[in-house]
Amino acid sequence: MSPEARREDLIRAALDLFGSRAPELVTVDDIIARAEVSRPLFYRYFSSLRELQVEALKTVTEGLIDGLAGLEEGPPETRLRAAVRGLIDVADHYRAGYVALLRSGSVIATSETDAAIDEVRNRAVELILDALGVPEPSPMVMLTLRCWTAVVEGSLLSWLQERAVPREVLDGWLVDQLTAMLSATAAHDSSVPQLR
């Protein structure tokens, strides 16, 4: 196995383990057992468990950005629903890692992971602006979109932990939330685009 493939294998093993428990509860022994490698081999690729945890969580954020990348053709609402479905899929796939990444006070949180989360948020806002055909948004529109990304994050965290709402309802509800927020903003800013 090439060095890059071995490194990816260790990250994949960590992410698999994060599917059943929080990253801070996963040990080096757990990872080497899952990846079927020795402890010295682990330390050849990562200087510490923390370094691997951060790299694994960065993989989650890259997955979220990739999930946002593929916009469908069609009206803004259709495109946005597809992007939200992509986010839900990635968040669900990396459930424990996603929860750890966004959970306030996570022992894994670093300035690097915070920057990666900001990148996902910024990409989500860019995607919405693109779907709406708005090249130069007003400050009120930007505030609305940033608030909506917080709604999406909070909703996904709750949904991943409780599963109280059916998955097939979640994406539509989140898009409806954005529609309602844009309508409220339009009462204060005549430049607000309509999603529908």
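## A negative surface patch

A charge patch is made of residues with over 30% relative accessible area and no salt bridge, with like charges joined within 9 Å. In this predicted model, one such patch of negative charge lies on the surface and brings together E4, E8, E62, D66 and E119.

Two helices each supply at least two residues of the negative patch: helix 1, which spans 3–18, and helix 4, which spans 49–69. E62, one of the patch residues, sits in helix 4. The relative accessible area of E62 is 45%, so this residue is partly exposed. Because patch residues need over 30% relative accessible area, E62 at 45% passes that cut-off.

## Positive phi at E36

E36 is a residue other than glycine with a positive phi, near 55°. Its place in the chain is the loop that runs between helix 2 (28–35) and helix 3 (39–45).

With a relative accessible area of 71%, E36 is exposed, since the exposed class begins over 50%.

## Positive phi at R163

R163 also is not glycine and has a positive phi, near 55°. This residue is found in the loop between helix 8 (139–162) and helix 9 (167–186).

The relative accessibility of R163 is 39%, so R163 counts as partly exposed. Partly exposed covers the range between the buried limit of 20% and the exposed limit of 50%.

Note on methods
Residues numbered from 1 in each chain as written. Predicted model: local features only at pLDDT ≥ 70, side-chain atom pairs only at ≥ 80, totals over all residues. Heavy atoms only, no water. Patch = residues over 30% accessible without salt bridge, like charges linked within 9 Å, V, L, I, M, F, W, Y side chains within 5 Å. Areas by Shrake-Rupley, 256 points an atom, 1.4 Å probe, with all protein chains shown as cover. Salt bridge = Lys/Arg side-chain N within 4 Å of Asp/Glu carboxyl O. Lys, Arg positive; Asp, Glu negative; His and termini not counted. Charge placed at Lys NZ, Arg CZ, Asp CG, Glu CD. Helix = DSSP H or I, 4+ residues; strand = E, 2+ residues; numbered from the N terminus. Buried < 20%, exposed > 50% of the residue type's maximum accessible area, 1.4 Å probe, protein only.
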